[in-house]
Amino acid sequence: MAKSVLIAGAGLGGLATALRLAKKGYNVEIIEKNSMSGGRLGQLEKDGFTFDTGPSFFSMSYEFTDFAKDCNINLPFQYYQLDPLYSVNFSRSPKTYHLYNEIRRLADQFREEEPAFEAGFRRYLEKSRRLYHDTNVVIKSNYDSMFQYLLTLMKVNPVHLPVIFRSFWQQVSRYVKSNDAREILSLVAFFLGKTPFDTPAVYTLLSYTEFMHDGYYNVTGGMYRIVEGIVDELKKENVRIIYNTEITDYISEGRTLKFLVDRNYKKWGADIIIINADAAVFRGRIFKRREFSEEKLNKMEWTMGSLTIYLGIKCKLPEIQHHNYYLGNNYREYADKVFKNPEIMEKPYYYVNVLSRSNPGCAPEGCESLFFVCPVPDLRLKKNWDDKDEIVDSIIDDFSKRIKKDIRPEIVSRTVYTPADWKDQFNLYCGSGLGLSHKMMQIGGFRPRNFDEVYENVFYTGASTIPGTGLPMVIISSKLTTERVEEYSAKKS
Ligand SMILES: Cc1cc2nc3c(=O)[nH]c(=O)nc-3n(C[C@H](O)[C@H](O)[C@H](O)COP(=O)(O)OP(=O)(O)OC[C@H]3O[C@@H](n4cnc5c(N)ncnc54)[C@H](O)[C@@H]3O)c2cc1C
């Protein structure tokens, strides 16, 4: 039985896979480019404030509890449900919508714009529910071949076939009629890193997970507790994490990968090697595969870049919820341009998370730690970020107007990550925050596989392989990769 495992990358995918395998008796070692674990699920401590740098909530909480059960541990962090899930403000109106779990309470807010909203919304959720349950098998399976993927797709109830040909926006529009309702319900497509107009309608199943099946959750003490909790469990299993070690090369022998080689030419070997770095980029830039050459990577469809802002302010903002979206009046135009036209930044759409609202330890007394995310074009479309401060100032000004309080004089800590920073920190392709998009031809059997095409002892884990992006999907990915490793190991015994 192959017993030693080396994992390149200590993102959630690498950490979760490491714990699953360590619990099954493998000797696991992790090498990480940066000086801390977590990858995009990161943390910034600065000027007395603590910020989650990437994820600010998760859905499908049961994936985490199942993970803990599989590893035979108590979940090493505590989470709590967000209610409202989020709030949305349009620049066209002073009204702010609060998206509550309780449908009647949510629907009450649309009574004026769309009296029939509640009935339409319930029908929409019912369709999303059926989609979720009928496609679960597709999300939770490994595929050895395209044929096997297509066979799995054929198990999905054919009643959903028309959905394949629709966009998220078209699907939502069939059930609700007002612009406000359509824009609010389709916002979730932005979480997948594209716009509602180019995200497949099959992802409307997320609305069911948000509003009915489960909800949105934050972690007590901040999202980074997820990482700290798993790292503590890994220590108990004697899993070593070696930091500041970036893989740049490799040594192979026939169909076996012998070593990964770091920047300082040090060799790292094991019976089984798992890549948590981006599965397409690693195949292209490290393994030099033609299918993932620079030209091919450039032709793939990538999600938006992220401009993220971390502000510590010396006042409280009690009127702001945990999760808040600030949208303009030109939803369609914005969505059309965000990938193509850097000038769109003049009227940015953005999201604000107030971490200290539910986690007072994350800011000094009387202060607030704020996190802004603004979807922006990736580095192929906007290479130069010298104007980042201007853009950030315009977002802060807009936010101040919306909340009717000028926060500029209150700022005591300010940090900005542009797509260039995201790229440099985690080797993300052109600063694309969520990696490859989830168009039909880049999911399931079409997504970079979680086993290598050449080396039989190499596997991939995380958001860049199946099933896709987001923390619960990464946890599912760790399970699918573990199954691959177990199969390989059994074959070798
Ligand atoms: C701004 C932002 C907000 C987000 N918000 C949410 C949210 O609210 N909820 C949610 O569910 N998801 C969210 N996501 C998505 C979520 O962060 C990712 O899906 C998830 O963290 C990906 O985990 P991963 O392990 O696959 O990859 P990563 O976190 O990217 O981990 C990969 C690791 O590999 C390391 N690495 C890369 N190359 C090498 C190399 N050559 N050698 C050694 N190490 C290497 C990297 O440094 C990194 O630590 C957000 C993402 C971003 C960018």
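Tutor: Start with Gly 215, which follows helix 10 and has a positive phi, near 145°. Keep in mind that this is a predicted model.

Student: And helix 10 itself, how many of its residues are buried?
Tutor: Seven of the nine, across residues 205–213. That is why helix 10 is largely enclosed by the rest of the structure.

Student: Which ones are buried in helix 10?
Tutor: Leu 205, Leu 206, Ser 207, Tyr 208, Thr 209, Glu 210 and Phe 211.

Student: What covers them?
Tutor: Other helices are part of the cover, including helix 3 (103–108) and helix 4 (117–139). Helix 8 (179–186) and helix 9 (188–191) are in it too.

Student: Switching to domains. What does the assignment give?
Tutor: Domain 1 is made of 4–42, 61–72, 219–300 and 437–492. Domain 2 is 106–214.

Student: How far apart are their C-alpha centres?
Tutor: 29 Å.

Student: And how many residues are in contact across the two?
Tutor: 15 from domain 1 with 15 from domain 2. On the domain 1 side, helix 2 (61–70) and helix 18 each give two or more residues.

Student: OK, the ligand. How many residues surround it?
Tutor: 36. The closest are Gly 9, Gly 11, Gly 13, Gly 39 and Gly 462. Helix 1 (12–23), strand 14 (305–313) and helix 18 (471–492) are the elements that give two or more residues to that shell.

Student: Which element gives the largest share of the shell?
Tutor: Helix 1, with three residues.

Student: How does the shell divide by class?
Tutor: 16 nonpolar, 16 polar and four charged.

Student: Last topic, the core. Which residues touch the most other members of the largest nonpolar one?
Tutor: Val 5, Leu 15 and Ala 18, out of 135 residues. Domain 1 and domain 2 each supply at least three residues to this core. As background, nonpolar side chains tend to be buried together in soluble globular proteins.

Student: What does Ala 18 touch?
Tutor: Ile 7, Val 28, Ile 30, Leu 234 and Val 239, leaving out residues up to four places away in sequence.

Methods: Residues numbered from 1 in each chain as written. Predicted model: local features only at pLDDT ≥ 70, side-chain atom pairs only at ≥ 80, totals over all residues. Near = placed C-beta within 6 Å. Helix = DSSP H or I, 4+ residues; strand = E, 2+ residues; numbered from the N terminus. Nonpolar A, V, L, I, M, F, W, Y, C, P; charged D, E, K, R; others polar. Core = buried A, V, L, I, M, F, W, Y, C linked by C-beta atoms within 7 Å. Buried ≥ 20, exposed ≤ 12 C-beta atoms within 10 Å, placed from the backbone. Domains from an automatic or database assignment. Contact = placed C-beta atoms within 7 Å.
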